[in-house]
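Please look through the sequence and the model below before reading on. The report that follows is meant to be read alongside them.

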Amino acid sequence: MLKTEGIVLKEMRYKDTSKILSIYTKKHGKITAMARGAYRPKSQIIANTQPFSYNEYQLYKGKNFYYINQADIIDSFYSIREKIERVVYGQYMLELIEKSMEEGQENPKIFMLLLKGLKLLSGMDKDFLKFITAYELKFISFLGYRPLLDRCVLCGNKNVKNIRYSPKEGGIICYNCSSYDSSSIYLDDNLYRGINELLYIPLDRIHKVKLPDETIKKIHYIIVQHILYNIDRNKLNTLNFIKALEST
Ligand SMILES: [Zn+2]
């Protein structure tokens, strides 16, 4: 039997009344857990087994997955469901973890980031893309792939004029090295400054960062390429919904 805090990433129906959950736990990283009877009308664990809900779980380990013995809700993050943008960006935060972390891979920094991110998102009414771009930069850094921004990732050149960003190499490349990665993206001064600001600003102070919408969109695009490359994926499903929201 083990006790840990956890946030539900994903739910899947199993047989008639049960659910299989993907839960991101503080102590054991991502786990797969069975919630028996979660779909029964009088189930006591309906609220504890929905995506976003944050619980204190008592689990025991079976042969193939964990079983939920008890769950006490800490925060359901219900207000995320009250606004479409919150749902879409929140689902993206969950999918990022679901698709990039191995089972049992513990990472307390990412757990705290997700928690803080969901709390801020719960009360958010604007500037979602700026928020998520800062979140992505922190997420990928905590995963071990912090973008290298103070010198050329290939030769160490510290001249940051006429630079490009290489998602593959994980940072900026200087003018002399620019031919090494044809998929690199040109960074003007605004983009370069913007990436730095969004990387280092704490999430709860994001309103202090003033950037034009177009700059944020480009940085978001660049960082998504960086993430996809490092987590070895071609796409993330929720990115399509973000694209749809941002184009309206
Ligand atoms: Zn270089």
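This is a predicted model: local features need pLDDT of at least 70, side-chain atom pairs count only at pLDDT 80 or more; totals for chains, interfaces and linings use all residues.

Residues are numbered from 1 along each chain as its sequence is written, and side-chain values use heavy atoms, with hydrogens and water left out.

**The zinc site**

The zinc ion has as its protein donors the SG atoms of Cys152, Cys155, Cys174 and Cys177, which lie 2.3 to 2.4 Å from the ion; donors are N, O and S atoms within 2.8 Å of the metal (3.2 Å for Na, K and Ca), and because water is not among the atoms, sites may look incomplete. Along the chain, these donors follow the spacing C-x2-C-x18-C-x2-C. The angles that the four donor atoms subtend around the zinc ion are 104 to 115 degrees, so the arrangement is tetrahedral, a term used for four donors if all angles lie between 85 and 135 degrees. Cys174 is buried, with a relative accessible area of 1%, and Cys177 is buried as well, at 7%, where buried means under 20% relative accessible area (1.4 Å probe, protein chains only).

**Two helix pairs**

Helices (H or I, at least four residues) and strands (E, at least two) are DSSP runs, numbered from the N terminus. Axes are lines fitted to C-alpha atoms, for helices over the stretch in contact, and angles run from 0 to 180 degrees between N-to-C directions.

| Helix pair | Angle | Axis distance |
|---|---|---|
| α1 (residues 84-100) and α3 (residues 128-142) | about 15 degrees | 11 Å |
| α3 and α5 (residues 213-231) | roughly 30 degrees | within 10 Å |

Because angles under 35 degrees count as roughly parallel, α1 and α3 are described as roughly parallel to each other, and α3 and α5 are also roughly parallel to each other. Among the residues of α1 that meet α3 are Tyr89, Met93 and Ile97, and the α3 residues that they face as a group include Phe128, Ile132 and Tyr135. In the other pair, α3 residues including Leu129, Thr133 and Leu137 meet a group in α5 that includes Ile216, His220 and Ile227.

**A residue in a strand**

Ile20 is found in strand β2 (residues 18-25) and counts as buried at 13% relative accessibility. Residues up to four places away in sequence aside, Ile20 touches Lys10, Glu11, Met12, Tyr14, Thr32, Ala33, Met34 and Phe65, with contact meaning heavy atoms within 4.5 Å.

How values were computed: Four donors count as tetrahedral if all angles lie between 85 and 135 degrees; four count as square planar and six as octahedral if opposite donors are over 155 degrees apart and all others between 65 and 115; anything else is irregular. Buried means under 20% relative accessible area, exposed over 50%, partly exposed in between (1.4 Å probe, protein chains only). Angles under 35 degrees count as roughly parallel, over 145 as roughly antiparallel, 65 to 115 as roughly perpendicular and the rest as oblique.
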